[in-house]
Amino acid sequence: MRLVAVLTLFVSAAVAYSAFAQTSPDPARVEPAQGTYKLLLDSSAYRGPSVDSGELRPVHAGRNVVVTGATRDFAQVSLKDGAVGYVPLDAIALLKPADASLMLSSDTPVYVRPHLANATVATLRRGTYVHVVGVALYYLEIRFDNGVVGFIPVSAVRERQAAQAQ
């Protein structure tokens, strides 16, 4: 059942992500994301994806935020009053546990964090099986046999997921 939920997330995310991935990575560019996540830490919601952009209001640990996008370091959130703010990624519990073995449908870089503008730790080839240990935004957290973890876009397994869903 958990695998079905993970695969459903992949299919819904892949279309939005694949359109975004066609452009060049920019650390401040907002990648599409969608979901409700719990705040781990008290923090601030800022006017832009920088602490220098000015604080909108404080946000508090234990509360949920609706994430609508992400930059390399910030989550774009929709606040209760309709305002859009940016909360540091480290303040949000983005990672949802998973346990699946999936085959890549395309070559893909492996990023150190879930955003195209992050450094890459490896490149994996189509047909490679990966051990998925979590889902964060539109990325899969994978673990290599040596214990190293990284993130790949959900679009790297899109064709495989679509075949499994039918």
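Predicted model: local features only at pLDDT ≥ 70, side-chain atom pairs only at ≥ 80, totals over all residues.
Residues are numbered from 1 along each chain as its sequence is written. Local features need pLDDT of at least 70 and side-chain atom pairs count only at pLDDT 80 or more, while totals for chains, interfaces and linings use all residues; side-chain values use heavy atoms, without hydrogens and water.

**Exercise 1.** Classify the pair formed by the rings of Tyr46 and Phe74.

Solution. Rings of Phe, Tyr and Trp (its six-membered ring) pair if their centres lie within 6.5 Å; planes under 30 degrees apart are stacked, over 60 edge-to-face, the rest tilted. For Tyr46 and Phe74 the centres are 6.2 Å apart and the planes stand at 85°, so the pair is edge-to-face. Tyr46 belongs to strand 2 (residues 43–46) and Phe74 to strand 5 (residues 74–78), 28 residues apart. Strands are DSSP runs (E, at least two residues), numbered from the N terminus. Tyr46 and Phe74 are buried, meaning under 20% relative accessible area with a 1.4 Å probe, protein chains only.

**Exercise 2.** Do likewise for Tyr111 and Tyr139.

Solution. Their ring centres are 6.4 Å apart and their planes at 90°, so this pair is edge-to-face. Tyr111 lies in strand 8 and Tyr139 in strand 11. Both residues are buried.

**Exercise 3.** Find the nearest side chain of opposite charge to Glu141.

Solution. Start from the strand: Glu141 sits in strand 11 (residues 139–143). Lys and Arg count as positive, Asp and Glu as negative; His and the chain ends are not counted. A salt bridge needs a Lys or Arg side-chain nitrogen within 4 Å of an Asp or Glu carboxyl oxygen.

Conventions
Helix = DSSP H or I, 4+ residues; strand = E, 2+ residues; numbered from the N terminus. Buried < 20%, exposed > 50% of the residue type's maximum accessible area, 1.4 Å probe, protein only.
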